[in-house]
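Biologist: Could you take a close look at a single loop in this model and tell me where it lies and what surrounds it? Please then carry on from there to the other parts that you consider well described.

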Amino acid sequence: MLWDGRRYGGARLQTVDMARAQALPGVVQVVTQVHFVGVVAVSAILARQALDGLGACWQSPPSSAQYAAAAEDASAVETALDGAASDDTAPTEAAPYVWHVAEHSVTEGLGVTVWCTSSHATVWAPCPASYRSVLQEDLGRLLSLPGHRITLVDIDPGRSLDLHILDVLDAVADAVLLSRAAAQPVHVAIQRDPVPGDIVLSPDAPVAYEIEGDATAPPRLLSSQPWGLRPSRARLLSQPTQADPVAAPRVQGINPIRQVAADAASPLTQACIAEFEAMHVFAQESLLDEQAARLGIDPLAHRLAQLPAGPGRALTERMVEQASWQALPPQEQAQRAVARRDHGAETGLRGRGYAAAHVRDEHADGSTTDTWSAWVVEVEVMPATGTVDVTRLVVGHDSQSLQQARQAAIHDQHPQLLDAARRLLAAPSQFDDWGATAAQRTSSSGSQAASHDLMPVQGADQNTGLTRRVEQGQLALDGVVTLPAAAAIANAIFDATGVRLRQVPFNTEHLRDALAAPGAPSSPARRWWRRGGLWLAAGASTVAGLMTMAWPVKPAIAPTTGPDVSLYSAAAIERGRLVAAAGDCVVCHTAPGGKENAGGLGLDTPFGTIYTTNITPDNETGIGQWSYRAFERAMREGVHRDGRQLYPAFPYTAFAKITDADMQALYAYMMVQPPVRSEPPKTALAFPYNVRPAMAGWNLLFHDNRVYEPDPTQTLAWNRGAYLVQGVGHCAACHSPRNALGAEKTGVQNYLAGGEAEGWAAPALDQLATGKVPWTSDELFQYLRTGYSANHGVAAGPMAPVIHGLAELPESDVRAIGTYLLNLPGSPVARTSSGEGNAPAPAINALTSDLTPARTPESTPKLTSESTPASALSLAALTPAVSSTQRLFEGHAQGERIYQNACAVCHEAAAGPTLFGVKPLLATNTNLHAATPDNLVQVILHGIQTPANDDLGYMPGFKDSLDDQQVQNLVGYLRARFAPQESEWADSMAVIGRIRSQSQ
């Protein structure tokens, strides 16, 4: 989707098969309006199925070459960023500034409901007062209705502030168009945009300076994006030539914003007005600081020279006094910088920075209200790591709304603002955050973020901004007060190190690399000792760990009376519950018909049956007497409390990657569960597998017990997904191949390349975006969340209970898993939504109501008189090849009859109502395109008795109704009809016999 600030410029809807989608079960109406397409159905799953089956084709706009060129320019800007961050002593004033739009808040379980008529619309949605004008403006244009005919009802005041305005706006606008077309109330789930994108600004030319030391006129700031809040997607698509911005930023400054190539469209920026305002202030105030550095004058004195007499200047002068800011002569400033760079490696580099913001609100009566805000920040930078800590913060703000007599409020070391500033320095180290709201997360500095509103200070009322919540990574969302935060921190880092960071949030890796470059702090000898010492320490630690792990006899850890569970907070227990859900603990530790987590489930392995243990806090048969140390050792090292080695059927090889905080939370959760007295069967493997001390050698060869380390080059979402997949989720336990000793095969080529679980083939996950039936991020999210994807099928077998666990996790975690799986090292970039490109969606092939098999030369060779010489046409003289062809033809005919009698009523789009839930479409079903028929045979024989989601419905099994030959005929027919491009499965009869025997 592209937008130039006035018109929609993205892909155009070319064709859509409304009739076929309309014929699907549960569909109330298919709605199209210009390029907008939507489905109204009786349930969300049926709506998704119909939407995926529309087969929409999209055509690139006529000016696609121009848009592609603009995209290449944006890519070039991104490529230049790393160099700009690491070489900032050169004159690089024209280098771009980048504001990474924060990931939108979680929308779990929230939605909007709309009832729209020709003259009025009522919207039930999370809509705080700050959203109302935007929603009414966009809906008024969408419906051509005056604002008083649009009623907004805030249905969730407690959570609405955590939502992003654009996510709410898109859901409401979608619901409005659908409700008006269907003439019924319509509910639409609020969905978070997974790729919020960046805002990029750059000066229009390098800043020049006259010999006398005066700066030239400040340069304009150039933007590659429309500088305003975009319309709803529904308005962009349904009114493509009337897509003006909904609102514009209010920041006043000396650097005006000019959009580059206003006639060219650019990808949508998922940013709210406050984020545009924060970006403007960041770029403008950073430029002023750079000018001062070039001129060799004090940055605050330079700023004062730019300000005319008035409230802004008065506030700045008060900030000088409150912060005890003393300007240094240029010579002393240079000497201090050299001293810092020579001695800062051990002691840290200290610096200070200043930035200010001015916002003007225009009211309906023509009056204006001005608000000023200013920040002084002091930081300490550790060159060895690039970490930055905000050591002091002075914040001032001045608004006409404070009192009739203008008054400026100054806050020194305000705890919430100090914590908010530190969040701009967050790195991917927050990968163990379990979906807390932005105001509840822990900052990278280790201080706890404020989860309550800020208190008014010095007579400030509701309009000062200090009574609004401070959001992590979105500092501007709490009003004008925090707008200067990013620039003030960047200026302080520059003062301390001479390195100019131009990306927000700040990447401390760039800072560390810049300081480690030639000429960086510390001498070569000192740098060698520091690095050598670190390597020696790491090596010694590794050797000690390997020796401990390889020692065959492990000491027992004494039993305890059990922890005092009253010490565990509700937050810790809830976090532990989510860890347990992600790890599917209850699935393996619950026997059929048994109590949860009481053990006794038999796991069939190539080495024998291993029975799971009782992990309830029962003192006699469970883990009630286990200390945390015993629990952690079992999870990380695979050693029982009594010293026995555990078998790696218990995936401690993955659980070792869990962080300490998650491990402690999991222990707390397990210890507050109801104890169950249950003694499962003992595991008794044959020799030599029953020699448990030998597992110490296995661990030495195959087990890495290190906690997951985030990749700083990847996003927070990617790291979060990697942590869940590699660690507590232990996905590789089933989806990676194993060697002869039962260990997961190593190497990129084997990681998540497919495995086996309980007689089912666990498909490869390493090429999801480019497989035979490619996955998109939206499809993968829907599948992991609900157990169903219209283009891939229904989760069954061992995957169904995994979906149950994932359903407990926050939406952000499930999306993070998809982000990681679709962007594994070496894998191509994933598509972001279904139906992209100019080709029809694959599911359109499955919507056919023609029940005649789609035979092709590859799938069903025809038997004709030309197959053999005329002299050999007697039945006895047929060659073996022709006999095989005949049997294949007859088998497909038999399979077709079985399909029509047993399967078509549920799997044909036009074969009647939905009897048991969704109608899984078979043309793109992953099982039919797989290399082996194992999973298809499993489903045919055993059905789906425990669906991942009750809305999906159940499927009966046919093991007692069909013999092996009939199952083979059905399997061959399904493969030939729905995957005709694939070859026949050669060993299907053997697979059927093996799976049937395993279930007896």
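Modeller: Helices, as runs of H or I with at least four residues, and strands, as runs of E with at least two, are assigned by DSSP and numbered from the N terminus. On that basis Ser736 sits in the loop that connects α23 (732-735) with β22 (755-757), and please bear in mind throughout that this is a predicted model. Buried means a relative accessible area under 20%, so Ser736, at 3%, counts as buried. When its neighbours within four places in sequence are set aside, Ser736 is in contact with Asn750, Tyr751, Leu752, Ala753, Gly754 and Gly755. A further point of reference is Ala762, which is 26 residues away from Ser736 along the chain, while the C-alpha atoms of the two are separated by 8.2 Å.

Eight of the nine residues of α29 are buried, so the helix is largely enclosed by the rest of the structure. The buried residues are Asp934, Asn935, Leu936, Val937, Gln938, Val939, Ile940 and Leu941. Gly943 follows α29 and has a positive phi, near 65°.

Another buried position in a helix is Asp813, which belongs to α26 (residues 811-821) and has a relative accessible area of 1%. Apart from neighbours within four places in sequence, Asp813 is in contact with Asp433, Trp434, Arg720 and Leu724.

For a pair of helices, consider α18 (residues 628-637) and α20 (residues 660-671), whose axes come within 10 Å and cross at roughly 120°, in a right-handed crossing. On the α18 side the contact involves Tyr628, Phe631, Glu632, Met635 and Arg636, which meet Asp660, Met663, Gln664, Leu666 and Tyr667 of α20. Sorted by class, this contact has six nonpolar, one polar and three charged residues.

The sheets come next. Strands β9, β8, β7 and β10 form, in that order, an open sheet of four strands with mixed pairing. The edges are taken by β9 (150-154) and β10 (186-189), each with a single partner strand, so one side of each has no neighbour in the sheet. On average, neighbouring strands here are turned by 20° against each other, direction ignored. Strand β7 (residues 111-116) runs antiparallel to β10 and is joined to it by four bridges, with Gly111 standing opposite Ala189 of β10. Helix α4 (residues 129-143) packs on this sheet, where it touches β7, β8 (121-125) and β9, and its direction makes about 145° with that of β9. Helix α6 (residues 165-182) packs on the sheet as well, touching β7, β8 and β10, with a direction at about 35° to that of β7.

A further open sheet has five strands in the order β13-β12-β11-β6-β19, again with mixed pairing. Its edge strands, β13 (257-259) and β19 (503-504), each pair on one side only. Strand β12 (residues 221-223) runs parallel to β13 and is joined to it by three bridges, and Leu221 has Ile257 of β13 as its bridge partner. Helix α8 (residues 273-295) packs on this sheet and touches β6 (97-100), β11 (198-203), β12, β13 and β19, while its direction makes about 150° with that of β6.

Strand β15 (residues 349-362) is mostly covered, with ten of its 14 residues buried, and it pairs with β16 (residues 368-382) in the antiparallel sense over 14 bridges. The bridge partner of Leu349 in β16 is Val381. Five residues lie between the two strands of this hairpin, in which Gly366 takes a positive phi near 90°.

Cys585 is in no disulfide, and its nearest cysteine sulfur, that of Cys588, is 8.7 Å away. Cys585 is buried, at a relative accessible area of 16%, and Cys116 also counts as buried, with 2% relative accessibility.

Conventions: Residues numbered from 1 in each chain as written. Predicted model: local features only at pLDDT ≥ 70, side-chain atom pairs only at ≥ 80, totals over all residues. Heavy atoms only, no water. Pairing = 2+ DSSP bridges. Axes fitted to C-alpha atoms, helices over the stretch in contact; angles between N-to-C directions. Contact = heavy atoms within 4.5 Å. Left-handed = near helix turned anticlockwise from the far one by under 90°. Nonpolar A, V, L, I, M, F, W, Y, C, P; charged D, E, K, R; others polar. Buried < 20%, exposed > 50% of the residue type's maximum accessible area, 1.4 Å probe, protein only. Disulfide = S-S within 2.5 Å.
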